[in-house]
Amino acid sequence: MKGTMSKIVTVILAAGMLLLTGCADELPEDELVNNGQAFEMQKIGDDLQASNFPFQEKEKFVTLSELKDSVKELMGDRYWPEVDLTKEELERKTGITEDMYVDFLAEKQVLDSHIDTMIIIHAKEAHVGEIEQALEHYRTGVIEENKNYPQNLCKAEASRMETINNYVCFVQLGADTTIVADQGKDEIIAFCQEENERALYVLEKKILD
């Protein structure tokens with residue numbers, strides 16, 4: 001009798017296990033799909049959080065020394081500015097104050113009687129317009145100061161300002177203009193304009209590439 005009862009209990013337990021297994025296997029298909037999608041979405045979320053969005057390209061930052069070096073490399077010994085302006089000198093000459101920019105580079109020639117100059121201001125976005133106006137006012141002042149110095153006057157009138165992203169660039173270059181001095185004012189201006197265009201071209205390429 002005891003052996004018969006053991007066999008009955010064993011059969012009942014086995015049947016119960018089969019029933020439970022069958023219920024698990026027979027979950028509705030849409031519920032299985034939803035559970036799978038939820039798992040995959042959680043996995044994707046975890047992966048993105050762990051990777052901290054590596055696919056996002058970081059904003060390119062060009063240093064002012066890189067910009068200067070690119071101009072000097074292009075122009076070689078025709079790049080004459082060699083003395084850095086301090087932030088105080090920049091403010092005194094142009095009215096551009098420290099709160100208006102992220103960084104700046106300003107170079108001029110050693111002697112004040114020579115006027116080759118390059119100024120690059122990495123402007124704070126809210127102050128781009130102010131810096132443009134300040135440099136235009138500075139340019140007007142240099143022209144006025146050099147009315148009695150024909151070659152300097154030509155360089156001042158040929159100077160250019162261009163804003164590339166938030167970099168406001170002022171170039172007043174030309175180096176040795178004696179090679180065209182006997183051809184008249186218009187030729188000197190055209191010569192200096194070409195030098196300035198070359199500098200602005202390499203600055204734009206470096207900033208935008």
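## α5 against α6

In this predicted model, helices α5 and α6 pack at about 160°, their axes 8 Å apart. The axes are lines fitted to C-alpha atoms over the stretch in contact, with angles taken from 0 to 180 degrees between N-to-C directions. Helices here are DSSP runs of H or I, at least four residues long, numbered from the N terminus. The two are therefore roughly antiparallel (over 145 degrees; under 35 is roughly parallel, 65 to 115 roughly perpendicular, and the rest oblique).

The crossing of α5 and α6 is left-handed, meaning the near helix is turned anticlockwise from the far one by less than a right angle, while clockwise would be right-handed. On the α5 side you'll find R139, V142 and I143, meeting L153, A156 and E157 of α6; contact means heavy atoms within 4.5 Å.

## α7 and its partners

Now for α7 (residues 185-208), which packs with α6 (residues 150-158) at an angle of about 50°, axes 8 Å apart. That makes α6 oblique to α7, and the crossing is right-handed. From α6 come L153, C154, K155, E157 and A158, and from α7 K185, I188, I189, C192, Q193 and N196.

## The largest pocket

The largest pocket has a volume of about 340 Å³. A pocket is an open set of points on a 1 Å grid where a 1.4 Å probe fits, with protein on both sides within 12 Å along at least five of seven lines; lining residues have an atom within 4 Å of a point. Its volume is the space filled by probe spheres set on the points.

Fifteen residues line the pocket, with K93, D112, Y138, V142 and E145 nearest its centre. Helix α5 (residues 128-145) gives the most to the lining, with four residues. Overall the lining has five nonpolar, six polar and four charged residues.

## Ground rules

Residues are numbered from 1 along each chain as its sequence is written, and side-chain values use heavy atoms, leaving out hydrogens and water. As this is a predicted model, local features need pLDDT of at least 70 and side-chain atom pairs count only at pLDDT 80 or more, while totals for chains, interfaces and linings use all residues.

Definitions and conventions. Ala, Val, Leu, Ile, Met, Phe, Trp, Tyr, Cys and Pro count as nonpolar, Asp, Glu, Lys and Arg as charged, and the others, Gly among them, as polar.
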